[in-house]
Amino acid sequence: MGIKILKNLNIAVCAVFLSMVGFSNFAGAATDLTVYTAVEAEDLKKYAETFNQDHPDINIKWVRDSTGIVTAKLLAEKNNPQADIVWGLAATSLLLLKSEGMLEPYKPKGLENLDDKFYDQDPTPSWVGMDAWVAAVCFNTVEGKAKNLTAPGSWKDLTKPMYKGHVIMPNPNSSGTGFLDVSSWLQMFGEKGGWEYMDALHNNIARYTHSGSKPCKLAAAGEIPIGVSFAFRGARSKEAGAPIEIIVPQEGVGWDMEASAIIAGTEKLEAAKTLMDWSITRKANEMYNSAYAVVGYKGIAKPVKHFPPTLLSKMIKNDFAFAANNRKRILAEWQKRYDSKSEPKN
Amino acid sequence: MSALSKDETTSETTKNTPFLRISRLTKKFGDFVALNDVSLDVNEGEFVCFLGPSGCGKTTFLRAIAGLDIQTSGTVEQANVDISALPPSERDFGIVFQSYALFPNLTVEKNVSFGLENQKIPRSDIKKRVDELLELVGLPEQETKFPSQLSGGQQQRIALARAIATSPGLLLLDEPLSALDAKVRAYLRHEIKTLQRRLGVTTIMVTHDQEEALTMADRIVVMNQGAIDQIGTPTEIYREPKTLFVADFIGAMNQVKGRVVSSSSVSLGSLELKCRDHELPVGQEAVIAIRPEDIVPHKKIENSSPQSGNSFNVKVEEMEFLGSFWRVQLSDELLEGAHLIVDLSINIVLQMNIDAGNQISIDLPPDRLWVFNPASEE
Amino acid sequence: MASFNTSKNLPPAPKIHPKSSRDDRMMAGAIFVIGLYLVIALALPLYTMLSKSFTTAVFNLQNYEFQVNKGDGWSEPVSGYQINESLSLLKPDELITSSDGRLAATTFFPDFNFRSKTEYRLRQLDENGSFLVGTQRIADTEWHTYPANKFRRIVLRPSQSSGIDNYITYFSTPALFRSIQNSLFISILTTLITVGLAFGFAYALTRSRMPFKGGFRLAAMVPILVPSLLPGIALVYLFGNQGMIKEVLFGEPIYGPIGIVIGSVFFTFPHALIIITTALAISDARLYEAAVSLRASPWKTFWTVTIPGARYGLISASFVVFNLVITDFGLPKVIGGQYNMLAVDIYKQVIGQQNFEMGAVVSVVLLIPALSAFTIDRYVQKKQVAQISSRSVPYEPKSNRKFDMICFFYCALVAVFIVGLIIICQYAALIKLWPYNLNLSLANYNFDVMDGGGWSSYYNSIKLALLTALTGTLVVFFGAYMVEKTNGFLFTRSAFQFLAMMPMAIPGMVLGLAYIFFFNHPDNPLGTIYGTMVILVVCTVTHFYTVSHLTAVTALKQMDREFEAVASSLKQPFYKLFAKVTVPVCMPSILDISIYLFVNAMTTVSAVIFLYSPDTALASIAVMNMDDAGDIAPAAAMGMMIFYTNVIARLIHLFVTRKLMKSTQAWRTRQR
């Protein structure tokens, strides 16, 4: 009897083990496509559903995390990629992946409908854009009033002593939004001026957050009255009833593109191409437009609720290659200067 | 005397070869030699005790025979088969440990039948055998109890029943009685011995209790520091100790320093005493040994010479009443500071009017007086 | 005189080579398999990580050759190294970088002007090397020609080598280096506070006759059931800028050392309490009687009897708490603000900067205090075991109204702190929009629209916890049985024992990072488990191996050593004994191991943070990610889901154990 129990146990263990292994390799009738993304979690379902209206035979398996984490994950898996395709990651990150030789160049159908800012300029582009994602400042009017703060109008305003300890922004080391802020300041104010600006701003920063949406959410909750974040997040929070105002600093705002690319070496190239083709269709772009004011498809963008009207005109001319190739240096410099915030000063 | 000769033993050998033949067993644990080149034959149906102080290697010896800790070198043959390298499961023995090692979560019945299962024995036969065994160890109708519901002595007997359930050719008992209190122990000694005779199973028991060994064993193997000092029947071991260690370990023994005078006499203080023949060189320092009960008291010798043969006068120094007898300590100038202990019955003490401070005469019978080499015996 | 020992002159008796039985071979096989598990799940990943920390990236200038054409023909090819030497542009330490480093080619041409008509030619010689034109990667060894305007966009890539350069970089980066100070400061401070508080609590539990002891014990154990970052969230609601009682801090921010220390005290409290209570419970009443008969004052008795008696417990508790705090990652991440600690640095290096080598370096640095604390603790615990005498008489406290009341209020205060934080979390989870809309709603439980993995992450956690409990208990108990009950294989067994003790000293983050390096290596055939539930189970089982192993070993040690000998003398295989006796007798411990693994699998963050995939997102990680994204209330809600799940699991465990004890009472009651 003892042997029998042990045998049964063995079988059970094997079954569990196999089912766990099998779980990862399970392939049903439909093609499973592993899609890495940094798109806001609340939109993922809608994206997949809309896509499946046209292509019910492709099953999207999302890997969603913040920009920094998805990028890190992709780089970590460089030699052993787990993703088939990236749909919705910062263009700066995709440039990084491209330079590692991780992207499969592909020219999707209908590329001519996109604004040429919105795709890789190689003959066969390695990535195509979806929408632009624009920095903005979230300002909590209730807390502002309570603390006698006037709404800031420009980036330079944020360095005023009045705002000391009332500003919060993302850490560029972990947040894509944080990095686009920093790289936009360096592009707008020049290398020297940019760092000088950040030195001044640093004095007013309460702390640096890991994620890019957190500053706006904290502003919405009144935890810190002013959050440097991005416009879309502000609009969402405002929609949810938070007493915030979305401010577009007058010097101009940094932005990054959400873009898509096929990961080189995927075994599901056909399905990946199908998704790439679909991702630049009018239907897809209209879907992006529900949250993002700027989309790649020429001439269809409609204004988004709660978005400040000046936002589009204030978008700076962004040099993605500068951002990608100087990323390491900028982050190291930033860390050297500011990553010890709130250290006890001896 | 050679290790393998059996003419010293009193038991009859019915077969030409012994049931268990152990030759030149050595067991090392790293650099430590736990068992040093020992040999032993055990006849079928014999009850042999391994006796010795803790750490003498007796348990190591038993475990080597069982295959639980296989020897470094040397061979073990059981029933004419060389089992030296076999694992325990391929040998033929039953074993009882000091802790009994009863399975706490199994009933008495399941404990006893543990070895009977998976042997293609019908369930009803197993049941019958268990009943039989429980009857045998005197615990019928306890099948459904758990070990923790039994007394120590009862558990011991269940362990015994479990060990003999498969009718092994060899029964090994590792200090089976030492966890029990004195009364139960005395009773179980008898029980086990009777059972062993009835079953006729060859048995080896390890013990550090000389009384246990003397009362139960057909033959005793006295062990010291990983080696066998003496093999013999209980009376041989007691009456004819071969070494000072054996003499000292079993029973009480007077030991005084003396010097060899000839091959049959020694000097003790200013006395010269006849003793058993020995082989020590003349003039060598020696230990003179005699059991307290072997010293014969007399009335004081009333002449000029205080000594006549092996008799001489001594002073009673102290007396200690031990119930059934008196333990009397003796000394005298003649002994030059040495003391002798003599056990005297109450009657003799009364008859001879022995009391502390008195003088009496004692006789040390030469055939009960041993001389041992102090250097060779540690 | 006759000797029974054969004369020494004879040639030595033949050596015996024991024949192995079927059991021996099966057990050897089993030890091998489980040993292999630990090697694969622990030793090899750690080794890979260690070697990764010594992997450096250097710009090898010899690999690049340049030619220039200023309109008068191409110059002779010259290597980057030669240019650098002759112009002394970059110092050797400026050539050290990380694997994603980049160096502009224009560095070597100080007079470079992108408007000039000069043309540049460039080739690289190493087959594995490359350079970039903008973002386009050139990996061949041909010459390439570029006009100045394009040449400015060229950057060189480093090549891999090994050395201690990463460590040099680490120790010369003040911000990183300061994390060591911070980690030590926080850990030591927390240790002092926690051990002090826990000692008071344990003292009250063992030395007073205050009421509600059971309730206090229960309350004190609550933190074990939640992820370590949950108290951080509660602290935000209490002391954050919109906190309910932020005035208490007099304007000091909760984000930073204050928050980390308060939260750390919360989550380490039960661990310290268990150890100290045990130490106090075993002290000998006879010593107190002696003190009374010597008319020692209570104060003196306390210092001469109580403290020395509990000293090993106190030391052990200190090191355990220290280790927990210094290796914890979740709490400083949530409440630490900009206050950097080592464990968070690993996360930042890996996730934020994709600097895996530096992550490995910080991991190695973090290993040092963790390993030493662990080693000292093991040493001390051995001493404590020796201290317990079997003859000591347990201490029975006498009633003392005043003392009992003081104890009661003290314990009540601590219990309110612990339970209070949990209640705050639950309250926060139900508020619609703190602090502007205080209506109650379940909106925060709508995890599917938040970052972090949604409700499926919760189900994944339960799946992980169940699988970890099942496979972990199986592996651990069987492994412990093999180590305890087999004969021979001395080397294998001691190696196994060593490996089994190691996980306790390995911080979860370090283990997780090591797993990336090891399992995600393309040449590793086990790479298929990467990104699946299997790797999470393996990692979690390994992370919590030591305590489970020790529990199993303790239970097995209480079994009679001779069971196996009896079984083999009765010709019964070991697995029959294992199934019919060992497992049933050890069942309470086996259940303890499974609940321990279950609860920890539910709450662990650090070990799995690098390993989860979208299919296997976990509740504990969702808490962190939601907090990260600023969805603090949903994070609290998910944290409470973990709490309730663990409470239910505990209750089931309690119920099953009770039932088991009752049905096996007949043979479990000890006789004598």
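**Reading the interface of chains C and B**

Modeller: Between chain C and chain B the count is four salt bridges, a salt bridge being a side-chain nitrogen of Lys or Arg within 4 Å of a carboxyl oxygen of Asp or Glu. One of them joins B:Glu117 to C:Lys576, with the closest N and O atoms 2.9 Å apart. This is a predicted model, in which local features need pLDDT of at least 70 and side-chain atom pairs count only at pLDDT 80 or more, while totals for chains, interfaces and linings use all residues. Residues are numbered from 1 along each chain as its sequence is written, chains are lettered from A in the order in which they are written, and side-chain values use heavy atoms, with hydrogens and water left out.

Colleague: How many residues of chain C are in contact with chain B?

Modeller: Contact means heavy atoms within 4.5 Å, and by that rule 42 residues of chain C are in contact with 58 residues of chain B. Chains A and B, by contrast, are joined by no contact, their closest C-alpha atoms lying 9 Å apart.

Colleague: Is C:Val78 buried, exposed or partly exposed?

Modeller: Buried means under 20% relative accessible area and exposed over 50%, with partly exposed in between (1.4 Å probe, protein chains only); C:Val78 counts as partly exposed because its relative accessibility is 28%. Leaving aside neighbours within four places in sequence, C:Val78 is in contact with C:Tyr64, C:Glu65, C:Phe66 and C:Ile83.
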